[in-house]
Amino acid sequence: MSDPEPDALFRQRLLRVVTEKDRPAALVVVGAYLDALGRKYDRFRTGVPLKGFGPRGS
């Protein structure tokens, strides 16, 4: 498996889809908190959900 996408790159992708309400958090959170925010918008560092971290409602 390749290295996970760095926070900075994942944040750039996530900022394209987050609402204005979540934008301030997306700009400052890191690591697992950034992953959790990404899951809210069905975005994942690998491009697909990891086992146990599927899209909302799964």
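Which residues in helix H1 (residues 7-15) are buried?

Modeller: This is a predicted model, in which local features need pLDDT of at least 70, side-chain atom pairs count only at pLDDT 80 or more, and totals for chains, interfaces and linings use all residues. Residues are numbered from 1 along each chain as its sequence is written, and side-chain values use heavy atoms, with hydrogens and water left out. The pLDDT, the predictor's confidence in each residue from 0 to 100, averages 84 over the chain, and 76% of the residues score at least 70.

In H1, the buried residues (under 20% relative accessible area, with a 1.4 Å probe and protein chains only) are Phe 10, Arg 11 and Leu 14. They lie on the same side of H1, because they cover an arc of only 105° around the axis, taken from the directions from the helix axis to the C-beta atoms. Helices here are DSSP runs of H or I, at least four residues long, numbered from the N terminus. Helix H2 (23-28) and helix H3 (31-40) are among the elements that cover the buried residues of H1.

Leaving aside neighbours within four places in sequence, Arg 11 is in contact (heavy atoms within 4.5 Å) with Ala 26, Leu 27, Val 28, Val 29, Val 30 and Leu 34.

Note on methods
Buried < 20%, exposed > 50% of the residue type's maximum accessible area, 1.4 Å probe, protein only. Helix = DSSP H or I, 4+ residues; strand = E, 2+ residues; numbered from the N terminus.
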